[in-house]
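Good morning, and thank you for coming.

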Amino acid sequence: MSRPGIRAAGNVLNLKPELWDSHFLRACRGEATKRTPVWLMRQAGRYMQHYRGIRSGRSFLDLCKDPALASEVTLYAREWLDVDAAIIFSDILVVLEALGLPLTFATGDGPVLGKPIRDGAAVVALRDPLTAAKDLGYVHEAIRRTVTGLPADIPLIGFCGAPYTLAAYAIEGGSSRQFAHTKTFMYRDGGAWNALLARITAALIPYLNAQIAAGTSCVQVFDSWVGHLTRADFIEFVQPHLRTLVAGITPGVPVILFGTETSHLSDLIAACGADVIGVDTTTDLSATWERCGGPTRIAVQGNLDPCLLLGPRERLLKAADVVLAAAGGRPGHIFNLGHGVLKETDPEQAKALVQHVHARTTR
Ligand code: 1CP
């Protein structure tokens, strides 16, 4: 089972011409653009005063579950930064909550998932994937509201966590550095492992397709921590599920696959059916592009180090030029960071970066 690449599919969603021909969607299809499109992973968040104002007095999850506020946060960041795409404000972990794992975000400590999954019985006890996807209707409602507030030529990106990265959070019970529980589970009980990833994938497909039906015209799959695996483990334990996920996404919608520290996996990730490969800071953008088939086959997104936003302006803009030089003006480059904006970032630096990329690449 596979899905026609975005370049072959045509405008099957019947997008309006302004959107279809937007810089961002053209770049996803590997077409020439009048300037290089740019957006920033985690462009809405704690580094912005507007976000902190809306967030104060409520929990992060309450904000995610309020479609009016989630939409406001999304639209504000998009407009203030003047980026070429919006990404819906939510989190990858809401899917695990919908599958039955109690989720909380302790202040400063990151996510906590109660009832971590450590055996096959816990996988069987997860909620039905279709019900889980339906319970995420608040994300779909936030998307419907957001698309009505966007300029006609600005796409909204939907997203989810990849099966591996979500399984890792479910098994660890939160963030991790070594992923020891995850790997132990994977090596010890391949049957339960595959059942877990299949269950997560079965929730992600209807969840993403409902995001698309609600108005997102691109989706990004965050496989943030898959870079911790070897090629052999990726092929055995992850690739079949990632392929199934991509194959299940509505044809004609560009799929961006992103993971950090994945230079050793990029060709395998691309082979899962990605239209765009997200490149992190530690990975060479030009070499990755060639390894994944070059600009005639795939688009690339990335890959400025988010820490550069914390440093002097001159160094930031020079480093942006280095990223642009690596892309070499080839069609199909989407400028982004190599990972999310850090909360210590001065928003003016982010805005200056966006302006710089636009000015440097206007053709
Ligand atoms: O206000 C707060 O205190 C919450 C901070 C916060 C925010 C703003 C979290 C907690 N998530 C988010 C939003 C978010 N998360 C977005 C929003 C859209 C935008 O870009 O504007 C997106 C796309 C995510 C995705 C996400 N969540 C990922 C994948 C991307 C990545 O950075 O690799 C991951 C791994 C998460 C988990 C998560 N959410 C939040 C935290 C603290 C974490 C843990 C990160 C870790 O384990 O280190």
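Helix α11, residues 163-172, packs against helix α12, residues 180-188, at an angle of about 105°, and their axes lie 8 Å apart. Axes here are lines fitted to C-alpha atoms, for helices over the stretch in contact, with angles running from 0 to 180 degrees between N-to-C directions. Helices are DSSP runs (H or I, at least four residues) and strands likewise (E, at least two), numbered from the N terminus. The two helices, α11 and α12, are therefore roughly perpendicular, a term that covers 65 to 115 degrees.

Which residues make this contact? From α11 they are Tyr164, Ala168, Ile171 and Glu172, and from α12 Ala180, His181, Thr182 and Phe185; contact means heavy atoms within 4.5 Å.

This is a predicted model, in which local features need pLDDT of at least 70 and side-chain atom pairs pLDDT 80 or more, while totals for chains, interfaces and linings use all residues. Residues are numbered from 1 along each chain as its sequence is written, and side-chain values use heavy atoms, without hydrogens and water.

I turn to the ligand. Of the 25 residues around it, Arg42, Tyr51, Tyr169, Ser175 and Ser224 come nearest; a residue counts as near if one of its heavy atoms lies within 4 Å. An N or O atom in the side chain of Ser224 is 2.5 Å from an oxygen atom of the ligand, and for a backbone N or O atom of Gln43 the distance to a ligand oxygen is 3.3 Å. Finally, α4 (49-55) and β3 (110-113) each contribute at least two residues to the shell around the ligand.

Terms used:
Angles under 35 degrees count as roughly parallel, over 145 as roughly antiparallel, 65 to 115 as roughly perpendicular and the rest as oblique. A polar contact is a pair of N or O atoms within 3.5 Å; within protein, one must be able to donate a hydrogen and the other to accept it, and residues adjacent in sequence count only if both atoms are side-chain atoms.
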